[in-house]
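Subject: Handing over the model

Hi,

Here is the structure I promised to pass on to you. Please load it up and keep it open while you read the notes below.

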Amino acid sequence: MMVEIVTFGCRLNTVESEAMRRAADEAGLKDAVIVNTCAVTAEAVRQARQSIRKLKRENPGARIVVTGCAAQTEPATFADMPEVARVIGNGDKTLPTAWAATRSALDFGASDTEKVAVNDIFAVRETAAHLIDGLDGRTRAFVQVQNGCDHRCTFCIIPYGRGVSRSVAMGEAVAAVRHLVETGHAEVVLTGVDLTSYGGDLPGAPKLGTLVKAILRHVPELKRLRLSSIDSVEADRDLVDALASEARLMPHLHLSLQAGDDMVLKRMKRRHRAQDAVAFCDLLRALRPDMVFGADLIAGFPTETDDMAENTVRHVEDCGLTFLHVFPFSPRDGTPAAKMPLVEREVVKARAARLRATGEERLRLHLDEQIGARHAVLVESDGLGRTPQFTQVQLAEPAAPGSLVEVTIRSHDGRRLIAG
């Protein structure tokens, strides 16, 4: 057995898992399972612990190493588990030196005091441009250009797992994208924890739009550039201009909205009002009519009333959202929201279900609108691909993964488009 990795949480975690796999392999680590955890909800932590117990039962000889956001925010939770051999902090998990030290500790028997290798995440001031190709069997490539977050939303534990916002130098990011294009990738995705805060820590404080334009200008061979989740209130003028004028920048944005009621947004300590998000979506749709939006939304935030919840449901249509990620509120110890009056759990679940149903209706409308349309689809695997708007397509004929093929949409099954 070499190294197996089990990943929970966000796309960035998945990207970092691949970087960890390389570093662990280079360090010669064997007979190990790395569990890359998520801390965004209490349920995510519970699932990680459950998975660790199951992994150990199924493979008693495996050394289990736990890392990720939950390992950073509550290392004792995992160190106290007899199944866990070592806990590594988020700041070190992609460093070759951390995995060399882990191999030594595991091979020679770490003491209880050596079991936890978690440092102060707020002391980390640099991040690397992790570039991953062929993630999850797909053929788009991912470049991490930012990590950490300087905001303090009242519900969020992630800054304590990721540290301060820090950015990859523009030259390094451009070089990473160029490398991926030279190795045959048609599409590159820029990722980060708070992507639109990119550049604030760099000389001259360049914005995300500056980086996007630099990539498109200096890597003319790149066919498609895509962004991961952004905070619409932080979108800069160059980013909006690039979305409006650059066909190679994909017309799909996933927005960190969280709610559609101004009082809830205020109690969340968000930096926008509901109307700001609507105005942003309206502006970009006017500049680029094929633009499609997704969003993260939290159901049942503390103190949320029925009327407030309905405002968020209406917000989905007001913004014209297509793809929803709905999270039932989960109190996280150490966050201000955990001390606020909670909404009854059954009410939270019902509100989450209503939001998801609204999302399904919006997705079906989007799919209906695509029938008869022509799209350039990036082929992934198993006969599937994605349109520029990130809508999944079932292809009619086999095509090479990584290729771009022109298709006509003839129908859909409620979840994906079907090409003719």
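Predicted model: local features only at pLDDT ≥ 70, side-chain atom pairs only at ≥ 80, totals over all residues.

Residues are numbered from 1 along each chain as its sequence is written, and side-chain values use heavy atoms, with hydrogens and water left out.

**The five-stranded sheet**

Helices (H or I, at least four residues) and strands (E, at least two) are DSSP runs, numbered from the N terminus. Strands pair if DSSP finds at least two bridges between them. On that basis, 5 strands make an open sheet with parallel pairing, in the order β1-β2-β3-β4-β5. The edges are taken by β1 (3–7) and β5 (116–117), each with a single partner strand, so one side of each has no neighbour in the sheet. Strand β4 (residues 84–88) is joined to β5 by 2 bridges, and the two run parallel. If you want to find this pairing on screen, Ile 88 has Ala 117 of β5 as its bridge partner.

Helix α1 (residues 11–26) packs on this sheet and touches β1, β2 (32–37) and β3 (63–68), where contact means heavy atoms within 4.5 Å. The direction of α1 makes about 165 degrees with that of β1; axes are lines fitted to C-alpha atoms, for helices over the stretch in contact, and angles run from 0 to 180 degrees between N-to-C directions. Helix α5 (residues 96–108) lies across β2, β3 and β4, and runs at about 155 degrees to β4.

**The three-stranded sheet**

Another open sheet has 3 strands in the order β12-β13-β14, with parallel pairing. Its edge strands are β12 (252–258) and β14, each of which pairs on one side only. Neighbouring strands here are turned by 20 degrees against each other on average, direction ignored. There are 6 bridges between β12 and β13, and His 254 stands opposite Gly 294 in β13. Strand β13 (residues 292–299) is joined to β14 (residues 321–328) by 7 bridges, with Phe 293 partnered by Leu 321.

Together with helix α12 (residues 306–319), β13 and β14 make a right-handed β-α-β unit (with the strands pointing away from the viewer, the path from the first strand over the helix to the second runs clockwise). Helix α13 (residues 345–370) lies across β13 and β14, at about 165 degrees to β14.

**Two helix pairs**

The axes of α7 (residues 170–182) and α8 (residues 208–218) come within 10 Å and cross at roughly 45 degrees. The contact involves residues including Met 170, Val 174 and Val 177 of α7, and Leu 211, Ala 214 and Ile 215 of α8.

Helix α11 (residues 274–287) and α12 pack at an angle of about 20 degrees, with axes 9 Å apart. The two are therefore roughly parallel to each other. Among the residues in contact are Val 278 and Asp 282 of α11, and His 315 and Asp 318 of α12.

Enjoy exploring!

Best wishes

Notes. Parallel < 35°, antiparallel > 145°, perpendicular 65-115°, else oblique.
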